[in-house]
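Hello,

Here is the structure I promised to pass on. Please open it first, then read my notes below.

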Amino acid sequence: VVYTQSEILQREVYLFERLDSPNREPMKHLKAICFLRPTKENVELLVQELRRPKYSIYFIYFSNVISKSDVKALAEADEQEVVAEVQEFYGDYIAVNPHVFSLNLLGCCRGRSWDPAQLTRTTQGLTALLLSLKKCPMIRYQLSSEPAKRLAECVKQVITKEYELFDFRRTEVPPLLLILDRSDDAITPLLNQWTYQAMVHELLGINNNRIDLSRVPGISKDLREVVLSAENDEFYANNMYLNFAEIGTNIKNLMEDFQKRKPKEQQKLESIADMKAFVENYPQFKKMSGTVSKHVTVVGELSRLVAERNLLEVSEVEQELACQNDHSSALQSVRRLLQSPRVSELDAARLVMLYALRYERHASSGLPALLEELRGRGGTDRYRKLVSAVVEYGGKRVRGSDLFSPKDAVAITKQFLKGLKGIENVYTQHQPLLQETLDQLIKGKLKDSQYPYLGPNTLRDRPQDIIVFLIGGATYEEALAVFNLNRSNPGVRIVLGGTTIHNTRR
């Protein structure tokens, strides 16, 4: 995710193998660099490798803390003394954006409590992150969530046990780790998105920076899977947080710029100098040509899906459900869209889920009728079950915070002013709950009664280094909120992590 193959090639790495792939041929003229998670399986595979080494010398890097007994097992297997070094190199997580990380875990809880294996994996990922950022934080967690408390305790245990590793130079204000639970805000992952990165993930799906375009009608072979990475794609880096209308304009400019640079097909390469100039500019041109065709394809597919699934209308109703408080108008809008043949089954289910989360306890709730309508559309009970599962997961009974009620007069005025700012904001009026939680945290107003500290010590100053982790997955809408908070609060650095990065399907 953080290195392209061509970048690694420049470092003289010529062959990529998995340790578990069978029938690798011996290549004694090559040195091997092993980068592995320190799992039981990996250590076992490495033991077998060292007993019959295929390469001349081994440099072994573990992405997390490895036990002494495992190191001993490796040493005993290394009879031919091919191991040059063994190091811990903390990278036991996926760096998604400069301020976002994920553990790529789906389904971390069973009901209201952790799946034990996933709890272990999450603790490892989170402690590796702290070690790689050299932070020994104070920990706060969401009181209403049992999983959040469990994870906080597990991370604390590792810090206590490995105190020598966590002995970093003290900063004036200690860093803070805040552990939250996705179930407090099940609305955010269910909304359609209108900024580039979030939209691509919502409609096409991003998996380790890769986008699968194989279902696009008439797609050419080399564009079936493309990579979108801000590290090596300038256009993406500059546009990932812009909204869809702006991206359309920027793509047009990119195209025009590209047309200007196209080598004139008919130009005669008469002199050696002409040829030299052509060859020198060609790689630049080819790279740009790749960027242009990639983004034109992606944006084209996004707009095709928006039109085909009628997403402008759907999204307007979603935002109304998430941000307004007008039950009869919301119910009418959802009914109208459920009857439209242009709305896909997934989008219909999503609207009913949002309605259920918003108005589950409303006196004149129209939920039973909407569920019947859903069933009539698809002919199965699958989505009905999903709706009740979503309410069970993130409904009022579960939430520790008040997801919907405007907090005070100031907040209401803000919402009203936002409404006046113009119609283009109708699709982006929703702010994830995380935005408000972090805002309170930065101002030193986050209540200890709802987000207690683990242990006796509390932070007297406003926090500066904040790592916020969402059990049950973060979203790119929250990544955007954190990006904006980092930009508007100089001196505050926030990193957002989650067990996964969600879109509605996930």
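Contact here means heavy atoms within 4.5 Å. Keep in mind that this is a predicted model.

Start with two helices. Two packed helices are described by the angle between their axes and the distance between the axes. The axes of α10 (residues 311-323) and α12 (residues 345-359) come within 9 Å and cross at roughly 10 degrees. That makes α10 roughly parallel to α12, because angles under 35 degrees count as such.

Which residues meet? From α10 they are Leu311, Val314, Val317, Glu318, Leu321 and Ala322. Their partners in α12 are Asp347, Arg350, Leu351, Leu354, Tyr355, Arg358 and Tyr359. By class, this contact of α10 with α12 has nine nonpolar, four charged and no polar residues.

Next, two loop residues. Most residues other than glycine have a negative phi. Asn23 has a positive phi, near 55 degrees. Find it in the loop between α1 (5-10) and β1 (31-36). Asn23 counts as exposed, at 78% relative accessibility. Lys134 also has a positive phi, near 55 degrees. Its loop runs between α4 (116-133) and β8 (138-141). Lys134 is exposed too, with a relative accessible area of 57%.

Last, the domains. The assignment gives domain 1 (5-88), domain 2 (94-185 + 432-502), domain 3 (196-309) and domain 4 (324-418). The C-alpha centres of domain 1 and domain 3 lie 38 Å apart.

Best wishes

Notes
Residues numbered from 1 in each chain as written. Predicted model: local features only at pLDDT ≥ 70, side-chain atom pairs only at ≥ 80, totals over all residues. Heavy atoms only, no water. Axes fitted to C-alpha atoms, helices over the stretch in contact; angles between N-to-C directions. Helix = DSSP H or I, 4+ residues; strand = E, 2+ residues; numbered from the N terminus. Parallel < 35°, antiparallel > 145°, perpendicular 65-115°, else oblique. Nonpolar A, V, L, I, M, F, W, Y, C, P; charged D, E, K, R; others polar. Domains from an automatic or database assignment. Buried < 20%, exposed > 50% of the residue type's maximum accessible area, 1.4 Å probe, protein only.
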